Amino acid sequence: MNKLGKHTWEYTTPVYIQASGTAVGPDEKKGPLGGWFDSSFQTLYCGETSFIKAERKLMKTAFQTCLDKSGVRENQIDYLLAGDLDHQLTASSFTSRDLSIPLFGMYCACATVAQTLLTAAMLIDTRLANYVVACASSHYGIAERQFRYPTEAAVQKRQTAQYTVTGAGAVLLGKKKSNVQITCATVGETIDVGLKDPSNLGAVMAPAAGHTLLTHLRETNREISDYDLILTGDLGRVGSGIFRKWTREHGVLLDERHEDGGSRIFRSTNVFLAGGSGAGCAAVVTYSNVLERLKQGTLKRVLLIATGALFSRETVKLGETIPAVAHAVALEGVES
């Protein structure tokens, strides 16, 4: 590895994406990206008796799909890096319980997908592992209760609120050359702009995404034109607008290069308000549609910026402001 700055490093040993797997709930399957997902379930229960068990099934399905597509056996995996939004990473730890793989349980709210990905790539680059799986998931029935209100309470939501994605994504990293390579990563700082509203997390997270983008460009000595796509994880429609405005005010014009997973995953209806959110949001969008576009060559270089709002019910009750963080990972298509 080669450190490019305080926040950024590049992977000097090539790290490739070997395969990926995604599993989603019914609303995600009905959305604009529904045809890209590997597996889907007809109800939020995913054939289980509780939402907690349902999220485990989502993650296990994504993991197994990833391995099946790669041809790599479970006993060849050196480490599993997994994270979710359930209390104490319940989905991740209970999924790993049935696997004989060392586990790194990782949490960074909705930025977990980037944190697991950049750390997994580090393990490959430093030759501590030959194969590493990175997973992230979320579930509407769990996250809404934990971070906002129980869905049974039928609380009227504001138009700035987002709808937690029910889904899980898994990706296998290794040294074998493939169509997609991870080249560098930028670890973001915690940014607090003084907002307190958990119903407007797009506004909370957008400045963190902007800060990480500018840091990445500065420390890699790249321009925005070096990327075909700047993909934010789940800013939603409100946050995406703020992100565009924030970067423009800081001298960076995104133009048509910016897409947001939260803005794309659901159809634009009042049910889904400002769009999707959750650790599973960026995971299922990145590990399906975006990876395929890189493999097909319609995208050459993508910067994934996954954002996370760092709060809990208790901090909201105490009237604390909500900080946020964003991590970035650069993905590049590789010619055969």
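## Basis

This is a predicted model, in which local features need pLDDT of at least 70 and side-chain atom pairs count only at pLDDT 80 or more, while totals for chains, interfaces and linings use all residues. Residues are numbered from 1 along each chain as its sequence is written, and side-chain values use heavy atoms, with hydrogens and water left out.

Helices (H or I, at least four residues) and strands (E, at least two) are DSSP runs, numbered from the N terminus.

## Helix H4 and its packing on H9

Helix H4 covers residues 112-125. Of its 14 residues, 13 are buried (under 20% relative accessible area with a 1.4 Å probe, protein chains only; exposed is over 50%, partly exposed in between). Just after H4, Arg127 has a positive phi of about 65°.

H4 packs against helix H9 (residues 279-296) at an angle of about 60°, with the axes 7 Å apart. Axes are lines fitted to C-alpha atoms, for helices over the stretch in contact, and angles run from 0 to 180 degrees between N-to-C directions. The two helices are therefore oblique to each other (under 35 degrees is roughly parallel, over 145 roughly antiparallel, 65 to 115 roughly perpendicular, the rest oblique). On the H4 side, Thr112, Val113 and Leu117 meet Ala279, Ala282, Ala283 and Tyr287 of H9; contact means heavy atoms within 4.5 Å.

## Helix H6

The 20 residues of H6 (residues 201-220) should span 28 Å at 1.5 Å a residue, and the end C-alpha atoms are 28 Å apart, in agreement. Because 17 of the 20 residues are buried, H6 is largely enclosed by the rest of the structure. Asn221 follows H6 and has a positive phi, near 60°.

## Strand E14 and its partners

Strand E14 (residues 324-333) has nine of its ten residues buried, so it is largely enclosed by the rest of the structure. Strand E13 (residues 301-309) pairs with E14 in the antiparallel sense over nine bridges; pairing requires at least two DSSP bridges between two strands. Ile305 has Ala328 in E14 as its bridge partner.

Strand E9 (residues 180-186) also runs antiparallel to E14, joined by six bridges. Ala185 stands opposite Val329 of E14.

## Ser96 in helix H3

Ser96 lies in helix H3 (residues 90-96). Ser96 is buried, at a relative accessible area of 9%. Apart from neighbours within four places in sequence, Ser96 is in contact with Leu80 and Leu103.

Key: Expected span 1.5 Å × (residues − 1).
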